[in-house]
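Take a look at the structure below. Then read on for a short tour of its parts.

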Amino acid sequence: MIFDDIYKTYWNKVFRICMGYVNDYDWANDIAQETFVTVWQQLPKFRQESAIGTWIFRIASNHCLRQIERQNRMPRSEMPEQIIDHIEPDKEPQVQFLYKCIAELPETDRLIISLELEDVKQAEIAKIVGLSETNIRVKVYRIKERLSKKFENYEH
Amino acid sequence: MSTETDFKALWTKQSTSEIPDTKELLVKAQKLKTSTRNKLLGLNLVLLATMVFIIYIGLNIDNEKLTTKIGIVLIAIAIVSYLAASNQMIPMLFKTDLETSSQEYLAQLIRIKRKQEFLNKVMINVYFILLSAGLFLYMLQFLERMNPVWATIYLVLTFGWIALAWFYLRPRGMRKKQRALNDMIARLEEVNEQLGS
């Protein structure tokens, strides 16, 4: 498969997953780029044992998890206001709230729900994360419940 | 109103950043590669140059004493073992297998940190002991030629420096690194446990 096609098809998806993980526009952009650098490097060795999407999402998820090693990055809440607001990625408050809620979940839950919302099949999510499908189903259900509760409070 | 479809609709509404140019991406990839390689090269060059310098001096002075030769060998072993350990480590640090599942990836990260912890503890000690012993044996020959006063000053200064490094600098540096590594391992394990429940 040609890299350019993959890149164009998956950039937005990968970007959103990274955004769900860190809820920081620039940071998400960096992780997404790192993901595609890996994809570009490993593509010649890709042996179609899994679907290309699963493979890319695995790489993206692991690049997200890798950020744990770099948590000396200044937490957003400690940045001065003007730095936070220099990009306004999305004006719609509900969208912002959803991403904020997701980024506050435990790390692996962030990945699971991001993949779920990206319409990845639960069997594939199971393969990406390394859990059983049943496990994923339960987790997705719980996370959605949690998000719904947050949204209820948010709307009232 | 917060149903599943709502979440999906909201999720995809997030504006994404523009796709960076493929060329820009490849430049980034190249940079990453060269910076990793340069780090490795730099460390190796400095240590190898030191070793070559020591051996060169060792060969060029008339040393009939066995202690000098043993000293040189010990210093060389110290440097080589340190190099071997770090060379094995650095590529491993950067070459995590990103294509595995998250669970395996986290386990990998934890394994690497543990190895790093071990390397940090053991290698610094080994390196230090070999280097100090080597240096001492190497120096014996020069001490013999000095008058007793200078020899004493020389010895006190050298041992003072070794003692300072061993009892103060080494534990301090080690503790700092150890703390950072332990925090990281705890953090990774915490995330890994999220998958267990």
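The model is predicted.

**Chain A**

Chain A holds eight helices and zero strands. Its pattern along the sequence reads α-α-α-α-α-α-α-α. Chain A has 156 residues, and buried residues make up 53% of them. Now take the contacts in chain A with a separation of 6 or more: residues 24 or more positions apart account for 67% of these.

**Where chain B meets chain A**

How many residues of each chain are in contact? On chain B there are 43, and on chain A there are 63. The size of an interface is often given as the accessible area lost when the parts come together. Between chain B and chain A, about 4,900 Å² is buried. Carbon and sulfur atoms give 59% of that area. Three residues stand out on the chain B side: B:Phe7, B:Trp11 and B:Glu99. Together they supply 17% of the area that chain B buries against chain A, more than any other three residues.

Charged side chains also pair up here. The count between the two chains is four salt bridges. One salt bridge joins the side chains of A:Glu107 and B:Arg187, at 2.2 Å from N to O.

Which helices of chain B supply at least two residues each to the side that touches chain A? They are α1 (4-13), α2 (22-60), α4 (102-145) and α5 (148-194). Helix α1(B) gives the most, with seven residues. By type, the residues on this side of chain B divide into 18 nonpolar, 14 polar and 11 charged.

**The cysteines**

A disulfide is a covalent bond between the sulfur atoms of two cysteines. A search of the whole structure finds zero disulfides over all chains. The table looks at two cysteines that are in no disulfide.

| Cysteine | Nearest cysteine sulfur | Distance |
|---|---|---|
| A:Cys64 | A:Cys18 | 4.1 Å |
| A:Cys101 | A:Cys64 | 18 Å |

Why is A:Cys64 in no disulfide? The cut-off for a disulfide is a pair of sulfur atoms within 2.5 Å. The nearest cysteine sulfur to A:Cys64 is 4.1 Å away, so A:Cys64 is in no disulfide.

Terms used: Residues are numbered from 1 along each chain as its sequence is written. Chains are lettered from A and ligands numbered from 1 in the order in which they are written. This is a predicted model: local features need pLDDT of at least 70, side-chain atom pairs count only at pLDDT 80 or more; totals for chains, interfaces and linings use all residues. Side-chain values use heavy atoms; hydrogens and water are left out. Contact means heavy atoms within 4.5 Å. Buried area is the accessible area (1.4 Å probe) that two parts lose on being put together, summed over both. Helices (H or I, at least four residues) and strands (E, at least two) are DSSP runs, numbered from the N terminus. Ala, Val, Leu, Ile, Met, Phe, Trp, Tyr, Cys and Pro count as nonpolar, Asp, Glu, Lys and Arg as charged, and the others, Gly among them, as polar. Buried means under 20% relative accessible area, exposed over 50%, partly exposed in between (1.4 Å probe, protein chains only).
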